[in-house]
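Hi,

Here's the structure I promised to pass along.

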Amino acid sequence: MKARLWNRLARAGAFGWLVCFVALAPSADRTAAAAGIDGPLSPEESLRSFQTEPGLKVELVAAEPVTGDPVAMAFDENGRLFVVENRGYPTGPGAGKPPAGVIAMLEDADGNGRYEKRTVFAEGLTFPNGLMPWKGGWIVTCAPDVLYLKDTNGDGRADLRKVLFTGFSTGGSTQLRVSHPTLAIDNWVYLTSGLTGGKITAPDFPERPAIDLKTDFRFRPDTADYEAAEGKAQYGMTFDDFGHRFICMNRMHVQHVVMPSRYLRRNPALAIGEPVQNVPESLEPEPVRGHGQAARVFPISRNVTTADSHAGTFTSACGVMIYRGIGLPSEYDGNVFSCEPAGNLVHRDALIPKGASFAARRVREGIEFLASTDNWFRPVYVTVGPDGALYVCAMYRKTIDHPDYFPGELRKHLDFDSGKGMGRIYRVSSAGQKGPSFKPNSKPKSLAELCRELENPNGWSRDTAHRLLLEKQDKAAVPALVKLFEGSGKAEARTHALRLLETLRAISPDVLKRALQDPAPGVRENALQLAEAHLKNPEPWLATALKRLAHDPDARVRFQCALTMGDWGSDEAVPALADIAVLDAADRWARVAALSGIHNREESFFAEVLNRTPSAASEGYGQLMGDLGKIVGASMPPNKAAALVNKGLQASGRANVGWQLAVANGAHEGARAQGSEQSEEFLKGLALFTSGRNEDNGWLRRIRQLLLEAKAPIAERVAAATFLGIIRDADAPSSFDQILDGNAPQELQVAAIRALGQFSNEDAARRLLRPERWKRFTPAVREAALSAVLSKPTMIPVLLEQFEQSRMPVSVLSAAQRKQLLEHKDGTIKERAGTLFQNVQTTDRMKVYADWKTVLRLKPSSIHGRAVFKQHCLACHRLDQEGVAVGPDLFGMRNQPKDVILLHVIVPEYEILPGFANYDVEMKDGSIESGMIASETSTSVVLRKALGEERVLARGNIISIASSGLSLMPQGLEANMSRQDMADLLAYLKGE
């Protein structure tokens, strides 16, 4: 049900705020919510509404009128608090009024921890949302610009205003904006994109072409270095002590940006999606303290969400931060915190190493770090202060979202203005802590003092010292930094020293050698990154060190070693890359790291991996071989690729069948992506092995048996189906018939359909579209069959014949699929489709809608409506915790009148946002892939299809990408159900 307003709801904005206040959630998790309090409350009253974990205290730092609408904050080196006030949120100050955004400087004049003095540092800003101190001024994000503001005359007001970058998108809502300028330990400043990107230019460098930004962004201050960065953060970004970057989006409260995409670009045959890992722990069955697929939260207020799968989970995650302070008990160190303004709470998790990435695990069941019964408390940003305490920026609003994300009918009844000008900032610390221990000092620290501060246990103090040393760029600091690196017992300090020596170009071979041998894994990781500058002609000691680190006991060090060694062009790197790939084969990111560095070395790498077959039974070995097969097929001449695969197929034994199928299937997929001729040449080479082994229990006969072996692992049966389709085994179609006519798992049925599609002939198409079989297909299986037929021009005539002979209704096709046929390159197909779809194309869908409004008078059965939903909608939508979230979550539709719901069922193209539009991707092998674009990188495009299936397509194998501007949802859905069915479906969608 592609309802236009629910498309908007599914695309929550930069803060991720998505909440409706119409009812109390029925979940048992919300029994305490009956105590929720409607505001507005005074700051003192609201403070009493907080509940927090044992042993902590919450103190008010600032409130209106000293601050209002705070969305971000930071302290300068003198302890002054600068606050970003987004006073125009959500729609601006009103017609004819100047922009209302403000940067305010707050000062604690008496040192009691309460900021009572306010100075307007900058005003007249549209929707400012982030700031970072730099050289006595502030880098501020305020789309379309990134600004530099500075007070040059000491009056507390910014009199210098400079545009550093411009072109960041201001389209859509004010929530989708660039934000969170953050200096990382690698000396780059990172910005979140707010999902919107833009065409980015730097006024200081007019000769540079604009960057077409689709991801996050980074730059080196005061230099010409700026570029796209990995990840698509909404509103939140943070770093741990060793430079690992974490972001968030509204439903996913913490994500790890695993690697820079520059590593991926060096191997054009390696196609993956975004190098971002969702960190919340997801295990089945869900452990007591795990998160499940979406992180659970335990609000104690009355606010509820407008989306089914959001109930009891994050819906507005923002402000993610890794705690590196000293104001909370030591058990909090390294924990990750996220705000949930829709639930009036701040959440925390333990961050646990997991291979090359991390897992976030709930620490306390049923208790949030900070929660309030005050429905107006809207935490959006957390940070660490000079005293090591955790500070919380909270807007104070009745409704915390942009009007665009609410249905029109509901929007009329919501108050988006109450609370404007209000806002609070809180300090959370150990209950026994007496008060702020930081003493503001306007006297600048010396170089020696700043170097010593790099050992401070408080992360804020270390980061501030690092920034000040970076600003100075004074080589006189080198001796002190070297001394610190060699003598400090703190790994964090050694890492700061190492990175600052890098920017001063003062890393000696001795320092780098010691860093690569450092006892702390985080230091070794950073040292490996710095070693990349020395790999063109590495010294023997460096080559030896890299090979040794390939066997490091720490998984992330091995991961970084693989990334680094990929830049070493020597064949000496290949055995080490193979060692890491096989040892860590179960870790997706370790596989990617190793494979990213084998361009032009595929053959030797393949041989090295085969030499390590004792690990073939490991969980990830088959995945490694499948990934390697894709690269081999995509990057090598087809005959050479087939020869390599044939070597792998020679290994005997049942235990090897899984990875053998994986490498063969992967290699064919890679060869096919190059074009149909390359695919056929590959198959000819493969036939040198498969032919002659058809009889007498040969390898091929074993694969045929595996396909129908009910007790075999489903993944191996799927791989067997794929392989038999690839080689177009003459005996396979009858086996596929058995699978499609039996009770085989859906995954295997889809694999059999795709395998039949490989035959690309009329017989295969007729098997797929056999009327009696079609009636038994589930919606997901039908979609797979249509996709298989539509992707092959040789099979399409059979589909058109089914329509022409009325064996299948034309309504099974979506508008996007009809458009694909109406614009087909084959003139005959185009003409037949035009004749077939003439009536469909000219049908006035609004007249159909008017006709079907009679169903609103029928007495419905919601119970039967659920069955109708499962039959027609489950493959692409979620409702009541069932279904697949390809299209928008439908829970919020329950706030819409039935006639509006019916409108979007009957007229799915009534309004489609770009995020849910269908795209047709023409591949070099002649096939056409269709779906929504889930994500993009510089090397690949990820398409999302029915059932949430994602296809990663290498850009090098794509001829064209075009949006149909249409919905994936079939038009004419009503043709497949009775009017009573429709009435029942509407009742179920309405929640009756």
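This is a predicted model: local features need pLDDT of at least 70, side-chain atom pairs count only at pLDDT 80 or more; totals for chains, interfaces and linings use all residues.

While we're on cysteines: a disulfide is a covalent bond between the sulfur atoms of two cysteines. Searching the whole structure turns up zero of them. Cys-248 is in no disulfide either, and the nearest cysteine sulfur to it, again that of Cys-318, is 6.5 Å away. Cys-248 is buried, at a relative accessible area of 0%. Cys-339 also counts as buried, with 0% relative accessibility.

Next, the backbone. Most residues other than glycine have a negative phi, and most peptide bonds are trans. Here are some exceptions to look up:

- Glu-64 and Pro-65 are joined by a cis peptide bond, with omega about 10°. Pro-65 sits in the loop between β2 (56-63) and β3 (70-75).
- Tyr-89 to Pro-90 is another cis peptide bond, and omega there is near 5°. You'll find Pro-90 in the loop between β4 (81-85) and β5 (101-107).
- Asn-600 isn't a glycine, yet its phi is positive, near 70°. It belongs to the loop between α14 (588-596) and α15 (602-610), and counts as exposed at 65% relative accessibility.
- Ser-760 has a positive phi too, near 50°. Its loop runs between α23 (746-759) and α24 (762-769), and at 23% relative accessibility Ser-760 counts as partly exposed.

Finally, a sheet to trace, and β2 comes up again. Strands of a sheet pair through backbone hydrogen bonds, either parallel or antiparallel. Which way do the strands pair in the open sheet with the order β2-β28-β27-β26? The pairing is antiparallel, and four strands make up the sheet. β2 and β26 (377-384) are at the edges with a single partner strand each, so one side of each has no neighbour in the sheet. From one strand to the next, the twist averages 25°.

Conventions:
Residues are numbered from 1 along each chain as its sequence is written. Side-chain values use heavy atoms; hydrogens and water are left out. A disulfide is a pair of cysteine sulfur atoms within 2.5 Å. Buried means under 20% relative accessible area, exposed over 50%, partly exposed in between (1.4 Å probe, protein chains only). Helices (H or I, at least four residues) and strands (E, at least two) are DSSP runs, numbered from the N terminus. Two strands pair if DSSP finds at least two bridges between them. Axes are lines fitted to C-alpha atoms, for helices over the stretch in contact, and angles run from 0 to 180 degrees between N-to-C directions.
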